[in-house]
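Colleague: Walk me through this model, one feature at a time. Give me the general idea, then the case at hand.

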Amino acid sequence: MYKIKNISKSYQTGEKSIKVLENLCLDIEKGDMVAITGKSGSGKSTLLHLMGLLDNPDTGELEFEDKPISASMKAVESFRNKHIGFVFQFHYLMADFTAVENVALPAAIAGLSWSKAIASAKELLCNMGLSDRLHHYPNQLSGGEQQRVAIARALINKPAIIIADEPTGNLDKACSDEIINILLGLNSSHQQTLILATHDLEIASQMNKHYVLQDKKL
């Protein structure tokens, strides 16, 4: 479903160029659960940003369902909104919106009426055990609750791929287990493809594929 072909990425720091990824390749099938581990600074987040079309590689190609894609292609925002759900270590919820409004926003952006977007968001949040938190603002929610809201927001448009960058990095063990169980359950029930970067080898062991990012390659 998703192919990465020989991508390389460097960053410029002053006069120095730092290469993060070099001729990296990866094939992902529909329904895969892919863990990517590696030392801090190895390039895990860079790789996920490229896969999520938040940035372009210096060289190489990306393909989704056999069609070339890039962060600079026409209507890339619409493509991300429809096909990719993002879950980050920091939830990035909008402070002035309630939980249900945060989740409804991507659906409204995709063209759903606000009332239907809110209804879909309520259903998702209730399924995640947040029926009594629908109208709470982010600062009124615990860390685990905020991350569940962020996952619901990533799911609202039924994306083919969920990209999760250290989604449990700021959570305690109980909340971390809860979040991973939600993601595993979604993969099992909806065959959603999950690509997850983590430092936690226990989490990585629960995925059906585990890659280590080392020396700029997987």
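Colleague: Which residues does Lys5 touch, not counting residues up to four places away in sequence?

Modeller: Contact means heavy atoms within 4.5 Å. By that rule Lys5 touches Leu24, Cys25, Gly60, Glu61 and Glu63. The C-alpha atoms of Lys5 and Cys25 are separated by 4.9 Å, though the two are 20 residues apart along the chain. This is a predicted model: local features need pLDDT of at least 70, side-chain atom pairs count only at pLDDT 80 or more, and totals for chains, interfaces and linings use all residues. Residues are numbered from 1 along each chain as its sequence is written, and side-chain values use heavy atoms, with hydrogens and water left out.

Colleague: Where does Lys5 lie?

Modeller: Helices (H or I, at least four residues) and strands (E, at least two) are DSSP runs, numbered from the N terminus. Lys5 belongs to strand 1 (residues 2-13).

Colleague: Is Lys5 buried, exposed or partly exposed?

Modeller: Buried means under 20% relative accessible area, exposed over 50%, partly exposed in between (1.4 Å probe, protein chains only). Lys5 has a relative accessible area of 32%, so it is partly exposed.

Colleague: How is a pair of aromatic rings described?

Modeller: By the distance of the centres and the angle of the planes. Rings of Phe, Tyr and Trp (its six-membered ring) pair if their centres lie within 6.5 Å; planes under 30 degrees apart count as stacked, over 60 as edge-to-face and the rest as tilted. A search of the whole structure finds 1 aromatic pair. The ring centres of Phe64 and Phe79 are 5.4 Å apart and the planes stand at 90 degrees, so this pair is edge-to-face. Phe64 sits in strand 4 (residues 59-64) and Phe79 in helix 2 (residues 76-83), so the pair ties together parts 15 residues apart in sequence. Phe64 is buried at 5% relative accessibility, and Phe79 is buried at 14%.

Colleague: Which strands form the open sheet, and in what order?

Modeller: Two strands pair if DSSP finds at least two bridges between them. Here 5 strands form an open sheet in the order 6-7-8-3-9, with parallel pairing. Strand 6 (84-88) and strand 9 (209-212) stand at the edges with a single partner strand each, so one side of each has no neighbour in the sheet. On average, neighbouring strands of this sheet are turned by 15 degrees against each other, direction ignored.

Colleague: How many residues of strand 8 are buried?

Modeller: In strand 8 (residues 193-197), 5 of the 5 residues are buried, so the strand is largely enclosed by the rest of the structure. Thr193, Ile195 and Ala197 point one way, and Leu194 and Leu196 the other. Strand 3 (residues 33-37) runs parallel to strand 8 and is joined to it by 4 bridges; Val34 has Ile195 as its bridge partner. Strand 7 (residues 161-165) is also parallel to strand 8, with 5 bridges, and Ile162 stands opposite Leu194.

Colleague: How are two packed helices described?

Modeller: By the angle between their axes and the distance between the axes. Axes are lines fitted to C-alpha atoms, for helices over the stretch in contact, and angles run from 0 to 180 degrees between N-to-C directions. The axes of helix 3 (residues 99-109) and helix 4 (residues 114-127) come within 8 Å and cross at roughly 125 degrees. That makes helix 3 oblique to helix 4 (under 35 degrees is roughly parallel, over 145 roughly antiparallel, 65 to 115 roughly perpendicular, the rest oblique). Among the contact residues are Val103 of helix 3 and Trp114 of helix 4.
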